[in-house]
Structure formats: structure tokens, C-alpha cells
Amino acid sequence: MAHQGLTDYPRIIASDLIVASFRRSPPTEYVCHATLVTEFNQQPLHTTTMTGDGVARASDSLSKQVNSGYKSLSEASMSAAEKNQFQLQVVPVTQLQQNAMIFWSTETRNAILLDPGGDVDLLMEAIGKLEVTVKEIWLTHGHIDHAGGAAEARRRLDVEIIGPHIDDQFLLDELKPGTYGIAEAESFTPDRYLDDGDTVALDGVQFELLHCPGHSPGSVVFFQKEMAFAFVGDVLFSGSIGRTDLPGGNHQQLIDSITRKLWPLGEKIQFMPGHGPGSTFEQERKSNGFVADSVLGT
Ligand SMILES: [Zn+2]
Ligand SMILES: [Zn+2]
């Protein structure tokens, strides 16, 4: 989960739903525009308070709003969909409000399910409403809020679990029901581990893998070059970085992962983290209290 020092950084405003669409036109060129959905983002619904154990406490009213909002928004995003696009639906799951994501082609309706940490029923409902076919489950790292529901989702969808890096297997081994209220949490072994330089793909759209340890030893980032877009898990957040006090965490390693692996990808890269709203590397290099250029003296 999320934040470094509680007092070091102001509370974040959670963007509960984000719809991003990726247009492919012509075939080798992508435009990615993440639309922060009005209902949830023009006026903050609540502030997510990061507590000592990194748990985001969401109110009951928030969950209701998210659920009702989710329904109307998925319909809105569907009607706006054009052929030959890729879209992203964020479905916050568990009391940690982890950004589980469904990424799909509007042409083939083939999809990836990213980080199904829990609330598998809710994710199945989203998949059904979007009328997509999940081809693979991808995992950024082994923490329960990202991987807790993966085994259950794999059974229900009959697809393979890809990732994270093998160095997070010890975290996957420890997953058990009930932790953080995630009833379906279950230990498992992925069908394939990921490592630096590997690639994964949906309908021929390739994501390159970067092994980015520090938050957890086996954290990976999925980078899509043409769309200039990355799924970064809990490595980097809008305005913060992943916590490093959990087993296998290492602060300097995390800073190195961000500055030596992510920054070289380019300032224009947009990213979606495991919690909270998306951002760009450019924005974080300007204003992130942990890794801005001015903070690191670079
Ligand atoms: Zn997390
Ligand atoms: Zn994590």
C-alpha cells in the first residue's frame, strides 16, 4: 500500500474512477487520453487518510457512491467507445481501495485484468457489464490488496496469472483469507513470472516489463511505449511513492528503481498506480515530495 510518512505528505484525494481510452490511429500510433470522470473528480468525494498500516479508510457512503457511479460510468464509457481503441476501467477493490483495472480492446473486446486484489464478485460484474473477455491476469506485485483475489479470479475466468517477479513469491505464499478483510485471499503460484525485459501483450499491443524492486522485491512495471503509458503498481503514486517498511522493502532501491528505470522512459509517460489517481512522470519530477528532481538534487 501507499504512503511513506503520514505527516510528510498531504492527504490524497482519491479519484475513484478513471476511464482512459487509447486510440490506435494509424496502427503504429497511439493516443492515450485518460479522462478523469466528472462525477468523481470535479468535487472530491472524500479524502483518503493513510493510516500507520497504510490502510485507506473509506467510508460506507463512498463505497455506495463508487458502486452506483461505476454502473453509470461503464455505460458512458461503452457508448463513447470507438472501434480500434483500448480502454481502461478502474475498479477500486478491498478496503485498501486498490486500483484493480480492466484494460480492453473495443474492437475485439479482449481484455486484461490487472491486480485483482479482492472483491472478485465486483470485478466479475464489471467484466460482465463491459462485455469483455479476459485473456490473462497480470500482477504488479505480491501484496494482498493486489494479488489476494488472483487465485479466485483465475479459477472463475479460466485464464493464466502472469507476474509478478519471482522475488515476490514469498508474499504470494503468505496470502490467506481474512487478512485486511479480504475474504477470498488465497496463496498461489503464477503461471508465469516476469522479469526485466520480458514482454506481455493484448491483441498484439506489447507491454515491456521493468523489474522495479524497493516497495516489494518482485514489483514490476508494465510499459506500453506507443501509448506512452505505464501500470506502475505501488512503485510510484501521484504525489508519493510506495512504502518501504514491509518485508523486503528498501527505500534506496525504490528511489533507484524510479529514477534509473522509470524516468529514462520519458517525461510524457502517463501512469496509473495501484492507489489513487493517475499522473505523468513529468508532473512527479516537478512536484513529488520524494522523487522530484529538486528533492533528489538531480
Ligand atoms: Zn497496494
Ligand atoms: Zn503494495
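The model is a predicted one: local features need pLDDT of at least 70, side-chain atom pairs count only at pLDDT 80 or more, and totals for chains, interfaces and linings use all residues. Residues are numbered from 1 along each chain as its sequence is written, while chains are lettered from A and ligands numbered from 1 in the order in which they are written.

**Leu113 and its surroundings**

- Leu113 sits in strand β7, residues 110-114 (strands are DSSP runs of E with at least two residues, helices are runs of H or I with at least four, and both are numbered from the N terminus).
- Leu113 counts as buried because it has 30 C-beta neighbours inside 10 Å (buried takes 20 or more other C-beta atoms within 10 Å of a residue's own, exposed 12 or fewer, partly exposed is in between, and C-beta atoms are placed from the backbone).
- Setting aside neighbours within four places in sequence, Leu113 is in contact with Ile102, Leu123, Val134, Ile137 and Ala153 (contact means C-beta atoms, placed from the backbone, within 7 Å).
- Leu157 is 44 residues away from Leu113 along the chain, and their C-alpha atoms are 10.0 Å apart.

- β7 runs parallel to strand β8 (residues 133-138), joined by five bridges (strands pair if DSSP finds at least two bridges between them).
- Ile112 has Glu136 of β8 as its bridge partner.
- Together with helix α3 (residues 120-130), β7 and β8 form a right-handed β-α-β unit (right-handed: with the strands pointing away from the viewer, the path from the first strand over the helix to the second runs clockwise).
- On to strand β9 (residues 160-162): β8 pairs with β9 in the parallel sense over three bridges, and Trp138 has Ile162 as its partner in β9.

**Helix α7**

- α7 covers residues 251-262, twelve in number, and spans 16 Å from first C-alpha to last, close to the 16 Å expected at 1.5 Å a residue (expected span is 1.5 Å times one less than the number of residues).
- Its buried residues are Leu254, Ser257, Ile258 and Leu262.
- These four lie on the same side of α7 because they cover an arc of only 90° around the axis (the arc is that of the directions from the helix axis to the C-beta atoms).
- Exposed Gln252 and Arg260 are on the face of α7 turned away from its buried side.
- Covering the buried residues are, among others, β12 (220-224), β14 (236-237), β15 (240-241) and α8 (281-287).

**The open sheet**

- Six strands make up an open sheet with mixed pairing, in the order β10-β11-β12-β13-β16-β17.
- Its edge strands, β10 (199-202) and β17 (279-280), each pair on one side only.
- β16 (residues 270-273) and β17 run antiparallel and are joined by two bridges; Phe271 has Ser279 in β17 as its bridge partner.

Terms used:
Contact = placed C-beta atoms within 7 Å.
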